[in-house]
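Student: Can you take me through this one? I'd like to know how to read its helices.
Tutor: Here it is.

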Amino acid sequence: MTGGTTAMLRKAKDGWRQAEAGRVAAEGEAGGTGARPAGMRKTASAGLLVAVGTGVGNVLAYGFNLVLSRGLGPGGYAELGTLLSVFLIGTVPGMAVQAVNARRLAVAADAPPAVRAALVRALRRRGLLVGAGVAVVFAVVAPAVGALLPSVTVGGVAWTGVSLAANTVFASYLGIAQGTSRFVTMTVLYLTAHSTRLAIGAAAASAQISPTMVMAAQTVAWALAGVAGRILLRDEARDEAGDVTTSSGAALEGTAEVTDEIALSGGYLMADARESATPARADDDRRAPSVTTPVADTHGYLTEVLRATGGLGGILLLTVLDTLLASRYLAGGDLGRYNTGALLARAAFFAPGFVAMLAFPKLARPGERRRALLVSLALTGGIGMIGVTIAGIGGDTLIRAAFGAQYAEPGGFDLGAHAWLFTSVGALLALVNLALLDGVARRSHAVSAVVLAGIALEVGVVVGFAHGSPAAIVTAAAASALATATAAVVVCLTARPAPTEEPTPAAEHDAYRITGAPDAARL
């Protein structure tokens, strides 16, 4: 390590220590009794903001499907409903990117500003990379998906992939906002995306354009929200320690590049075990390769995203699995009505989404996990019960008001009588989703295994014997969701939290150590 580089890093570290000392002193002067209520008020305000924002956003997202289902009717919505189910599955990489971004920033909350800024820059680049990869994958698999699902076209699947690329980038910025507790920004981004998407849906329904063009047009909404995220969160990527200079510009430039890679590993630089007041030794130059060449696994981010995708992909597949299976066994008006009923399930699934979104940073911190988990489970379950009750009492009225009289006409599948079953599917899977995110925060795959078992159960039941009618399919989906939710909640309640990531003292000759990530390594 060069003398200039060492001086720069130590100066940044000393600045961070001074800031921490000032913060602790300020808290001491303020008194211990006032700090906790202030923090609780801040958390409550953030919770209310996220709840209102995501609630409105979910209404707008629901409105997108609503205007299209009303405008196209049961027959026309059959194809678009299936494409939207494929789209929902394709949002899994974006959800994984959001979760991983939020976790890495949450566990680095006490890192020096320079390292957090480098982490944000690295996360932005990886979000773009994952988005491009999603588009390529969909372009490749479009013919196979078109053959598997006769109701969709190859072009529709390909355009779905383009839309998903923009959605993944948008989700990346949501994760950055979530992990840095920028809840106002997060809410603004969420509302920007879904309000624009609703406007596009209304225009598409009025113009009676094809489902393929609908999928292409909604790309604009996600792209606009992604650009807004880049602008609103640009200050998080600014290096507040940028005024720290050294006599060697090249050394500073090289260190900045390495810091990006260090931050991407999910941790931050820890001070060396032995402070030395003596000038830099000559052997510092011999150790320079350890700085200019990062030892940390730079693919750790993509590995973590893939792991999260496995579990999150399973839960989203569960939310649309019955509609995909229905597209194999139903046709025409019955399929259109089933896809419309599935909107109730999705509404119940996403309605309590703000709970998991707000709780996720706390679930990643072992000291706060247990209480956050219990409160989140209670809120998610309570919201689901309210939805099922409303659908059970006023199913016909709900269907007529939301989707129009054409979906409540006699003859064919009675959607009103089965509205509570569709709603219960979404409500139960919302609990599974919360348990799954808790597993992501703990880096555990146990709930993912439960989700995979739930998928196998539902496929086996529906394909085996419960596919003779729409009622049989939705009943099988509800029973499978109940079994999966029960197992997932039990697993997360009995699981041990991840061990606290404490700084590891460095060895005598180790200047710095990266901690806090599965791909942690020494420099």
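Tutor: Start with a definition: axes are lines fitted to C-alpha atoms, for helices over the stretch in contact, and angles run from 0 to 180 degrees between N-to-C directions. Helices (H or I, at least four residues) and strands (E, at least two) are DSSP runs, numbered from the N terminus. This is a predicted model, where local features need pLDDT of at least 70, side-chain atom pairs count only at pLDDT 80 or more, and totals for chains, interfaces and linings use all residues. Residues are numbered from 1 along each chain as its sequence is written, and side-chain values use heavy atoms, with hydrogens and water left out.

Student: How many helices and strands are there in the protein chain?
Tutor: The protein chain has 19 helices and zero strands.

Student: What is the angle between α18 and α19?
Tutor: Helix α18 (residues 446-464) packs on α19 at about 160°, and their axes are 9 Å apart. The two are therefore roughly antiparallel; that term covers angles over 145 degrees, while under 35 is roughly parallel, 65 to 115 roughly perpendicular and the rest oblique.

Student: Which residues of α18 and α19 meet?
Tutor: Contact means heavy atoms within 4.5 Å. On the α18 side the residues include Val447, Gly454 and Glu458, and on the α19 side they include Ile473, Ser480 and Thr484. The contact residues divide into 14 nonpolar, three polar and one charged. Ala, Val, Leu, Ile, Met, Phe, Trp, Tyr, Cys and Pro count as nonpolar, Asp, Glu, Lys and Arg as charged, and the others, Gly among them, as polar.

Student: And α15 with α19, at what angle do their axes cross?
Tutor: The axes of α15 (residues 366-393) and α19 (residues 470-494) cross at roughly 160° and come within 11 Å. α15 and α19 are therefore roughly antiparallel. Arg369, Arg370, Leu373, Leu374 and Leu377 of α15 make the contact with Val489, Cys492 and Leu493 of α19. Those residues divide into six nonpolar, no polar and two charged.

Student: Changing topic, where is Arg365?
Tutor: Arg365 lies in the loop between α14 (353-363) and α15. Arg365 and Ala441 are 76 residues apart in sequence but 8.1 Å apart in space, C-alpha to C-alpha.

Student: What share of the whole chain counts as buried?
Tutor: Of its 523 residues, 53% count as buried.

Technical notes
Buried means under 20% relative accessible area, exposed over 50%, partly exposed in between (1.4 Å probe, protein chains only).
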